[in-house]
Amino acid sequence: MATRRFMTLPRHILEGEKLHPEATGELSAILLQLGLAAKIISLEVNKAGLVDIIGFTGNENVHGEQVKKLDIYAHEMLIRAMDHGGHFCVMASEEDEDIIHLPPHQKIGKYVLLFDPLDGSSNIDANVSIGTIFSIYKRISEGYGPGTLEDCLQPGYKQVAAGYIVYGSSTILVYTAGHGVYGFTLDPAFGEFLLSHDDIKIPKCGRIYSINEGNYFSWPKGLKNYIKYLQANLFEGKPYQARYIGSMVADVHRTLLYGGIFMYPGDKRNAKGKLRLVYECNPMSFIIESAGGKATDGKIRILEKLPESLHERTPIFIGSEDDVLLVEKFLREAVG
Ligand code: AHM
Ligand code: MG
């Protein structure tokens, strides 16, 4: 007889709410709704490989409906799932240049939702893991009207909750509301997320480093030195391991579970790297820090950076505390 707790995502969220008597239940409602959106997107992602087989070719499917690119589908699905609960004053998505306002006549709430609907989408055709990332803040603009850009450009430490869904060999949803990080695996048979990773803590150091080494010749000297150091040294008697999926959600998820470091640095071509502060780096950093890890741009803690624009990029070094401290040291010494 199994002795593990049988805990669904809704039950976990509601039990978490009971620990906070001051809670209004709004955040719980948001997280539950995000869980539902995740299931719908997961279904669509799992069908991706069938597109050419069962007749979904061109822009129309067999029912004569428009077939959308998956990242656009995920973007629209999240908006549809989240825009009518009355919880948000504004939203923003990596797929949209500007902030997204709530539909007219919709009740305006006190929260802000930021998301990357389908990160790593260039991996879809090769059946490689991709993910959705979300981040929730409280509004800072005055009044009860529609939210503003200012609400979306808050430093990451102000997040109320953040999470991601990785669509891999299973679909896993990981979230934190600042106290503990929890992972839930989707049971496809009855369509519910079940607690599979309770109170996740990232190891203090790890054996795996993760970076696109194809950019080596554009890297700063300190980073080259760091990678050479790892390659020439052992971790607990064994060589370090390089792993790079090319989907941030999947690479950071592995880092959260196994420890080590994921890096997307700035380089000679792109001083700020590739990944977005608001949609990708802040939520992932909030999760990793809540699990006991660290995230920095090489000098500054990611969560303390004040975003200046919605789509701004930042270098990122994220993962186990000791590994992030070590790369920072290499970067500092090569500059100084
Ligand atoms: P996307 O938002 O266009 O999907 O790009 C973000 C993705 C990340 O998931 C991943 O870490 C990175 O791009 C990989 O970039 P590269 O191919 O330069 O290594
Ligand atoms: Mg992305």
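Let's start with the second largest pocket. In this predicted model, 26 residues line that pocket, and Gly16, Glu17, His20, Leu27 and Ala177 lie nearest its centre. Two elements give two or more residues to the lining: helix 1 (9-18) and helix 2 (26-46). Helix 1 supplies the largest share, five residues. By type, the lining has eleven nonpolar, eight polar and seven charged residues. The space in this pocket is about 700 Å³.

Some terms, quickly. The search runs on a 1 Å grid over the protein atoms alone. A pocket is an open set of points with protein on both sides within 12 Å along at least five of seven lines; a cavity is a set where a 1.4 Å probe fits but cannot get out; lining residues have an atom within 4 Å of a point. Points join across faces, edges and corners, and the volume is the space filled by probe spheres set on them. Ala, Val, Leu, Ile, Met, Phe, Trp, Tyr, Cys and Pro count as nonpolar, Asp, Glu, Lys and Arg as charged, the others, Gly among them, as polar. Helices (H or I, at least four residues) and strands (E, at least two) are DSSP runs, numbered from the N terminus.

Now the cavity. How many cavities of 30 Å³ or more does the structure hold? One. The largest cavity has about 40 Å³ of space. Its lining is Leu9, Ile13, Leu31, Leu34, Gly35, Phe134, Leu173 and Tyr175. Helix 1, helix 2 and strand 5 (171-176) each give two or more of these. Helix 2 gives the most, three residues. Seven lining residues are nonpolar, one is polar, and none is charged.

Next, helix 6, residues 248-258. Among the buried ones are Asp251, His253 and Arg254. Glycine 259 follows helix 6, with a positive phi near 85°.

Finally, the whole chain. It has eight helices and 14 strands. Of its 336 residues, 53% are buried. The C-alpha trace spans about 60 × 50 × 50 Å along its principal axes.

Two housekeeping notes. Residues are numbered from 1 along each chain as its sequence is written, with chains lettered from A and ligands numbered from 1 in the order written. Local features need pLDDT of at least 70, side-chain atom pairs count only at pLDDT 80 or more, totals for chains, interfaces and linings use all residues, and side-chain values use heavy atoms, leaving out hydrogens and water.

Methods. Buried means under 20% relative accessible area, exposed over 50%, partly exposed in between (1.4 Å probe, protein chains only).
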